[in-house]
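I would like each term to be given with its cut-offs.

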Amino acid sequence: IKPYGFYIISDYIVPPDEDVHLYMQNWHMDPYTAVLKDDGSNRFASSCSSGANVQLVPGDAQSVEPVFRDGLGFDGWAGTQRNDRYPAYKIEKGGTVNFDTIIYPIKPGDNREVMTSQISMDVPSTTATAVKIDMDYPQQGDFGYYYLSYENTPSLRTFDKYQTDAQMVFV
């Protein structure tokens, strides 16, 4: 999202049936980078001692379970595979699911924390989703509002103090 310099990833998954399925949104980082998990916000953050870092922030921290997974990663420096531990968001449920995740790069020396809160609406998040993004927690002065409708013809919806019938909005 320009001019803020971050990304919003919205994954929408329609299964072939209504059975309970396990969904994983996997995030692979540099294999030598420590990744920290904040249990309060379900946010993951890289922890490089020098250089830039990144925060992965779920749009709805209550709907996902943050987990670390073991698997193979690729060491670009050595050109080899290696055992790796990477962060993921997990949802286990029946029916259609969606993940909204904010990828927020942090420049060296910037200590901001990015926090989100799901904005409740009169429809499930698999119909339309809205997220309030606090881009400088705890100072709480730099907010963004994200809305995405999954409807073929979006209905007029209110999210926080805004109203739209658009497919997608960021203010």
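Lys37 has Phe44, a residue of β4, as its bridge partner. The strands named here and below are DSSP runs of E with at least two residues, as helices are runs of H or I with at least four residues, and both are numbered from the N terminus. β3 and β4 (residues 43–46) run antiparallel and are joined by four bridges, where two strands are taken to pair if DSSP finds at least two bridges between them. The model is a predicted one, in which local features need pLDDT of at least 70 and side-chain atom pairs count only at pLDDT 80 or more, while totals for chains, interfaces and linings use all residues. Residues are numbered from 1 along each chain as its sequence is written, and side-chain values use heavy atoms, with hydrogens and water left out.

The pairing of β3 with β4 belongs to an open sheet of five strands, whose order is β1-β8-β5-β4-β3 and whose pairing is antiparallel. Its edges are formed by β1 (7–13) and β3 (35–38), and because each of these has a single partner strand, one side of each is left without a neighbour in the sheet. From one strand to the next the twist averages 20 degrees, with axes taken as lines fitted to C-alpha atoms (for helices over the stretch in contact) and angles running from 0 to 180 degrees between N-to-C directions.

Asn42 is buried, with a relative accessible area of 12%; the term buried applies under 20% relative accessible area, exposed over 50%, and partly exposed in between, with a 1.4 Å probe and protein chains only. A positive phi, near 55 degrees, is also found at Asp160, again a residue other than glycine. Asp160 sits in the loop between β12 and β13 (162–164) and is partly exposed, at a relative accessible area of 39%.

A further open sheet consists of three strands in the order β2-β7-β6, with antiparallel pairing. Here β2 (20–26) and β6 stand at the edges, and since each has a single partner strand, one side of each lacks a neighbour in the sheet. The twist in this sheet averages 35 degrees from one strand to the next. Eleven bridges join β6 to β7 (residues 80–94), the two running antiparallel, and Leu72 stands opposite Asn83 in β7.

Gly73 is placed in β6 (residues 65–75) and is buried, with a relative accessible area of 10%. Leaving aside residues up to four places away in sequence, Gly73 touches Thr80, Gln81, Arg82 and Asp84, contact meaning heavy atoms within 4.5 Å. Asp84, a residue of β7, is likewise buried, with a relative accessible area of 10%. With the same exclusion of residues up to four places away, the contacts of Asp84 are Met29, Pro31, Arg69, Asp70, Gly71, Leu72 and Gly73. Between Gly73 and Val123, which are 50 residues apart in sequence, the C-alpha to C-alpha distance is 39 Å.

The aromatic side chains form ten pairs in this structure, where rings of Phe, Tyr and Trp (its six-membered ring) pair if their centres lie within 6.5 Å, and planes under 30 degrees apart count as stacked, over 60 as edge-to-face and the rest as tilted. Phe6 and Tyr104 have ring centres 5.3 Å apart and planes at 25 degrees, so this pair is stacked. Because Phe6 lies in the segment before β1 and Tyr104 in β8 (residues 97–106), the pair ties together parts that are 98 residues apart in sequence. Both Phe6 and Tyr104 are buried. The rings of Tyr12 and Tyr150 are also stacked, because their centres are 4.1 Å apart and their planes stand at 20 degrees. Tyr12 belongs to β1 and Tyr150 to the loop between β11 (143–149) and β12 (157–159), so that this pair ties together parts 138 residues apart in sequence. Tyr12 is partly exposed, at 36% relative accessibility, whereas Tyr150 is buried, with a relative accessible area of 19%.

Elsewhere, the charged end of Lys132 sits over the ring of Phe143, 4.4 Å from its centre, a description used if NZ of Lys or CZ of Arg is within 6 Å of the ring centre and within 35 degrees of the ring normal.
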